Amino acid sequence: MKGEEVRQRRKEGRTRNGERSRHKAKSKGKHRESRLGSQEAEDVSLHAQQKLLAEEKAAMAKVKEESAVSICLQVLLPYLLAGLGMVLAGMVLDYVQHWDVFQTITEVFILVPALVGLKGNLEMTLASRLSTAANTGQMDDAHKQWKMATCNLALIQVQATVVGLLAAVAAVILGAISKGSLELSQAAVLCASSVTTAFIAALSLDMKYLSPLICVVFIIMIPLWVAIAKQSPSLAEVLKSGWQPVIVAMSISSIGGLILDKTVTDPNFEGMAVFTPVINGVGGNLVAIQASRISTFLHFWSKPGVLPYKMKQNWPNPCTTFFSSEVNSKSARVLFFLVIPGHLVFLYTIRLLQGGHMSLSFTFVMFYLMAALLQVGILLYVAEVIVHLMWKKALDPDNFSIPYLTALGDLLGTGFLAICFRLVWLVHGV
């Protein structure tokens, strides 16, 4: 009996142990299932959030999608006002080209496209940065707006001073190569004019110590502007890596200035002084608008270094730049079609103001308009290519693309304008 009781107890113990193990296994299985279920729920939640974010972006993009008429209306008034400003700049240059300083130091003409282009580069780059910041929600707070404005202005002062002096050095070198000689007093005047104005440079022509003093004052102020600009982390990075575009752009514009220097005093090219700022300014303004729009589009849809899917599929070519259904192609068409009406307005204004000391013949107007169309067409296509390359290399197009494009616009505009005058001279023989 005792043996049977022992066996019965052992059997009951094994049964209880089996029930315990099965219960533990079930509880572990339920725990695993609950963990898997919670993980799946988290994955589903994350996927839903990503999908919702994509849908929100798509909805925002759909709301923000602009028609050609809307783009034209936004661009038209600033385009005309800026163009009229370039007309007045051309009239001023046409007037002051007869001053003693321009007659004595002809290298000042080399500085004109470089300095006008530098001013445009810095301001357009600033406008592009602010536009991207506003469209991506980085300027919603008043404190951020104030900080971004002050830091950007300080950055511009640093770049303007340094690159302005380098532009003067480039003008001195190009002038020395052209003339075969170098005068240090004239080099000092060029440096002074590059950081102030041609008027102050003209006053300092006979003042031995004023030109170097002006240069020293501006150089001493550089550390102050650097300290202010460094308060913004993004601009601190621009201070380190953002010099190459503006320096290369200055060099390219200086070549255009060399063309202007060689043609402005030639009777066959009378009128170069008044038309150069117009054709250069209009081309630079239009391509800067396009580059800024493409950059904002990329910042909205992707991250630096990664192109959106549609842009990966199609490498930029003239057909996709001007004839596709994408919003950037639509804006390129609008900007291209604004060239002729805008230039006709500017040419008529120059005629009313009697600038250029020349009559606007039908032949000149036709050649001029063809040159302007060719210039802007090339610039809009190159803008698409450069912005793609910059973004693919994880460089911000707002800082790196516009200087190259506006400098190329200066070179193309001055070169094409010189060809226009040469063709008119060949056609008319006068």
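Colleague: How many cavities of 30 Å³ or more does a search of the whole structure find?

Modeller: Rolling a probe the size of a water molecule over the atoms shows where empty space is left. Here the search finds one cavity of 30 Å³ or more (on a 1 Å grid over the protein atoms alone, a set of points where a 1.4 Å probe fits but cannot get out). The model is predicted, so local features need pLDDT of at least 70 and side-chain atom pairs count only at pLDDT 80 or more, while totals for chains, interfaces and linings use all residues. Residues are numbered from 1 along each chain as its sequence is written, and side-chain values use heavy atoms, with hydrogens and water left out.

Colleague: What volume does the largest cavity have, and which residues line it?

Modeller: Its volume is about 50 Å³, taken as the space filled by probe spheres set on the points, which are joined across faces, edges and corners. The lining (residues with an atom within 4 Å of a point) consists of Asn 121, Leu 122, Thr 125, Arg 129, Gln 159, Val 238, Gly 242, Val 246, Asn 399 and Pro 403. By class, that is four nonpolar, five polar and one charged residues (Ala, Val, Leu, Ile, Met, Phe, Trp, Tyr, Cys and Pro count as nonpolar, Asp, Glu, Lys and Arg as charged, the others, Gly among them, as polar).

Colleague: Which helix gives the most to the lining of the largest cavity?

Modeller: Helix α4 does, with four residues. Both α4 (108-135) and α18 (397-428) supply at least two residues each. Helices are DSSP runs (H or I, at least four residues), numbered from the N terminus.

Colleague: At what angle do the axes of α2 and α15 cross?

Modeller: Axes are lines fitted to C-alpha atoms over the stretch in contact, with angles from 0 to 180 degrees between N-to-C directions. Helices α2 (68-96) and α15 (327-337) cross at roughly 50 degrees, their axes coming within 9 Å. The pair is therefore oblique (under 35 degrees is roughly parallel, over 145 roughly antiparallel, 65 to 115 roughly perpendicular, the rest oblique). Contact (heavy atoms within 4.5 Å) involves Ala 68, Ile 71, Cys 72 and Val 75 of α2 with Lys 330, Ser 331, Val 334 and Leu 335 of α15.

Colleague: How are α12 and α15 oriented to each other?

Modeller: Helix α12 (272-301) packs against α15 at about 170 degrees, with axes 10 Å apart, and the two are therefore roughly antiparallel. Among the residues in contact are Ile 289 and Phe 297 of α12 and Ser 331 and Leu 335 of α15. This contact has seven nonpolar, three polar and one charged residues.

Colleague: And how far apart are the axes of α2 and α16?

Modeller: They lie 10 Å apart, at an angle of about 40 degrees. Residues including Tyr 79 and Gly 83 in α2 meet others including Phe 346 in α16.

How values were computed
1 Å grid on protein atoms, 1.4 Å probe; cavity = no way out; pocket = protein on both sides within 12 Å on 5 of 7 lines; lining within 4 Å.
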